[in-house]
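Here are some notes to read alongside the structure, written for someone who is new to looking at models of this kind. Please keep the sequence and the 3D view open while you go through the points.

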Amino acid sequence: MKELIIVILTLVIAPIIGGLLFGIDRRITARLQGRYGPPILQPFYDILKLLGKERIAVSRLQFVWVYSYLVFMIASLLCLVLQSDVLVLVFLLGFAGVSLVLGGFSTKSPYSHFGANRELLQIMAYEPVLLLFAVGIYAQNGTFLISEIFNQSKPLLFNLWPLFIAVLYILTIKMRKSPFDISTSHHAHQEVVKGVITEFSGPYYAMYQLAEWYELVLVLGIVALFWTNPLWVGILIALAAFLLELVIDNVAARMTAGWMVRLSWTVGLLLGIINIAYIYFTKGV
Amino acid sequence: MTDVMMAIAILLPLVAGLIIFAVRNYFLRSVIVVATALTLIVNSILTLKHGPFTYTPTGFDWGLLITILDYAILLFYIYLGVTLRNRLVLIFSFTQLIPLLYFEFIMKAHADVQPAFVVDHLAIVMTLVISIIGSLICIYALRYMYDHEQHAHVEKSRQSRFLLWLVLFLGAMNGLVFANNLLWLYFFWEVTTMCCFLLIAHDKTPLAIGNAARALWMNCIGGTAFVLAMVFLYAKHGGDALSVQAIIGGGIQGSLFLLAVALLCFTGCTKAAQMPFQSWLLGAMVAPTPVSALLHSSTMVKAGVYLVLRLAPAFAGTYLSTAITIVGAFTFFATSALAISQTTGKRVLAYSTIANLGLIIACAGINTPLSIAAAILLIIFHAISKGLLFLCAGTIEHQIWSREIEDMEGLAAKAPLTTLITVVGMLSMFLPPFGMLLGKWIAIEAAYRVPLAAVLFILASTLTIVFWTKWLGRLLQVLPKLGLPFEKLSPSYSVPLLTLVLGIFVVGIGIAPIYQNFIAAATSNVISGNQVLAAGWANIALTGTSVKAVLGYFPVWLLFVVFALGVVLPFLFVKLKPTELRPIYICGEQSGGLEGDSYLAEADTKTKIILGGYYFEDSLGEKALNPWFNTLAIILFVIMIGCGVILK
């Protein structure tokens, strides 16, 4: 029963938080660029308008993958709030990512294809780091269960700080911020039109937006896992990370996809591997 | 009862195969194949119901017959080496023949292993996989070979010959997984190698024969290691050691013992096409698709992983165990990377098979109840999904007459049913809620004991996502139009395809009860070695592998609910109206209306849009990576055999 309430609350509250954060993002970014920026509630106005639009279609399958993107994103977030297995969380998030790529591939639009291929490279860049993060949690706690993280008095950050840096790195990819806004971008720095979501429109674009809000809450929640006792410290860390990303977005230029994958597979993985190796040799199996 | 079951499992395929060979009528032949297939399936289910048993055939000197047949097969290899003028085949046939002659005539090896067959829970799992999936593939082959010969305009039909080897393969595999006597195991091992050669060479093109010869000599290297292992075991420990149960029982110790085990594992790795032996399985892709389906899903390569898994208790707790883990994990990683650059559908499937076999071998090497459970689950799920995918590849090939991924562009609009089944098969290879991912999930959980393996698993599963998604994307690319009705498939195609799709969902959703009733026992049998014989079947303790320990605290069927909500329901209920269709966005330079896929380029010339997948040939191609990967793989094998020499 308690779980059902948590599920319903998450379904309702997460998009509100996500939408507000997106509104704050647009406002702060505008200020950093010397503009005034839209109202904080603008993302909500946008999504309501999109939902009211007439449906137009380039491909039936694309609609299926948009649904699947949203559903798997929510399922992944539920894994987090119900404190389930962190590996399941990563795998569900993986399905969501694949759905978006397939949504982009489900039409013969060149822009959409560019974007989908790049989104796939983004998955290639962040997926191993997320999985290493999961193994790092296992190394530290002896289980993949998120509930166990909450039982520990010592925050994960103390022993897993290299992995924390790696997770911040993938946060940039996940939030589609420069230098990694490669498949599509929040703000208008993109040469492939709107990348993977070029062909998304009307209510289905609204569903995509909604999924992005859930995703933002999810990835910030993952950052917060590094300090769960007391949880408010973790939430503050997550918010600080969020603000940091906005600054990085505005001071960095967009990089190429190859550069992103290489950096992630060298520095990102190395941080994770060193971290896990250290725990393995100090704590044992 | 047990003697009838054994006879059906091992001898019926031989007898039925010979009858099929003699019958030249398509319809009559089909009836016999279907009847044999059904008998094998029913027999395997009866074996499951009967439970484990041991069996020694009596009334005839079977050992002598098997010895004679051993030499017959080896002489056949030598004959092939001479007629094909293939030096490698000759060399490795002799390296097998000479130690075998030494073993039987100089050492006068004499083994009266009791019992000759041990059918434990693992063997039952294997026989179910072999009989059910293998039989479905034989049914599929009926129509496939007919179409295949129609398309190639073959003058004299060779379908019955083909079906003989296909059906015989199933019997040899059943014998292989049941055998306890090492000499008999060796015999069945060689029969599968021989059938494999004959099936790959079936089309008789120079490429087919060359690749078949490669498969033969590479497997002969494995066979040589097998014979050497038997020689070492016999020399040190006598005839009693030539029994699988004795090897895994823990009773034998000694300097040559672990080396023999290492050699047997090496044999398993060659048959499972682990790097650097991957090229024989890739070459086998030239064969008609049912051969690939059979080799990859239920037979041949599964014999390799079966042997390593079976021997797990013999190397538990040694350096050899860790070395095997790294060998498998490395292959998992390397072949997943190589799969990205492949442009031919069947080669992607082949690399993916080798990768998953590597994962299974790595799980056997990790050697905990959890990892062994993962290995058995992976064997089952991989057999279903990969069997399905190869059959899909064959069906696609017979619709577009090409194996190239780029030619499959937009298949969703041409052959919706085939595409749908293929998509299910592909999703089941790498995404939740399906079984293969479940296996990987358990494997990663178990892998922390060998952190290097855990890291390789992680990298490999990421690469896996990339190559499957890329391919899926090519299939799904469509122009704005309403869907077509499903195309018609011959029942010889649709029945096996749909049965396997059903299998993916049934085994996936019901994994908890299936694990509890059936795989947990197999895991315990593997872990406990030969205590099964000493203690009796009923007295084997379940070794700490409860459903919860293996499947986690997260009910798997819930993931299927998510899948139904996210994919199945939208697929069923999202419908388009013709008025909703719009052309794609090309910056306003659209040309040719709604379904137009061209745009106005310079000077308003109408230009067709051509899209293609990414293959990263320069950075991830075989040319770029193979020298590094093969060298590393050889070093790893040397270390592995070396670990057999070092006693812990």
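1. Leaving aside its neighbours within four places in sequence, B:Val261 is in contact with B:Ile247, B:Leu311, B:Ala314, B:Phe315, B:Leu320 and B:Gly644. Please bear in mind, here and in every point below, that this is a predicted model.

2. B:Val261 also belongs to the largest nonpolar core, which has 346 residues, and together with B:Cys363 it is one of the residues with the most contacts inside that core. Helix α17 of chain B, which runs over residues 369-400, gives the largest share of this core, namely 20 residues.

3. Is helix α13 of chain B, residues 301-310, mostly covered or mostly uncovered? The helix is mostly covered, since 10 of its 10 residues are counted as buried. Among the buried residues of α13(B) are B:Val301, B:Val305 and B:Leu309, but B:Lys302 and B:Arg310 are on the list as well, and a careful reader may wish to find these in the 3D view.

4. Two other helices of chain B, α19 (residues 416-430) and α21 (residues 451-476), have axes that come within 10 Å and cross at roughly 170°. Because angles over 145 degrees count as roughly antiparallel, this crossing makes α19(B) roughly antiparallel to α21(B). On the side of α19(B), the contact is made by B:Thr419, B:Thr422, B:Val423, B:Met426, B:Met429 and B:Phe430, while α21(B) brings B:Thr464, B:Ile465, B:Trp468, B:Trp471, B:Leu472 and B:Leu475. Sorted by class, this contact has nine nonpolar and three polar residues, and no charged ones.

5. Chain B also holds an open sheet of three strands, in the order β3-β4-β5 and with antiparallel pairing. Strands β3 (590-591) and β5 (606-608) stand at the edges, each with a single partner strand, so one side of each is left without a neighbour in the sheet. Strand β4, residues 598-600, pairs with β5(B) over three bridges in the antiparallel sense, and B:Ser598 has B:Lys608 of β5(B) as its bridge partner.

6. Finally, there is the contact between the two chains, which takes 55 residues from chain A and 47 residues from chain B. On the side of chain A that touches chain B, the elements that give two or more residues are α3 (60-81), α4 (86-105), α5 (110-141) and α11 (257-283) of chain A. The largest share of that side, 15 residues, comes from α5(A). By class, the side of chain A that touches chain B has 39 nonpolar, 10 polar and six charged residues.

Methods: Residues numbered from 1 in each chain as written. Chains lettered and ligands numbered in written order. Predicted model: local features only at pLDDT ≥ 70, side-chain atom pairs only at ≥ 80, totals over all residues. Axes fitted to C-alpha atoms, helices over the stretch in contact; angles between N-to-C directions. Helix = DSSP H or I, 4+ residues; strand = E, 2+ residues; numbered from the N terminus. Parallel < 35°, antiparallel > 145°, perpendicular 65-115°, else oblique. Contact = placed C-beta atoms within 7 Å. Nonpolar A, V, L, I, M, F, W, Y, C, P; charged D, E, K, R; others polar. Pairing = 2+ DSSP bridges. Buried ≥ 20, exposed ≤ 12 C-beta atoms within 10 Å, placed from the backbone. Core = buried A, V, L, I, M, F, W, Y, C linked by C-beta atoms within 7 Å.
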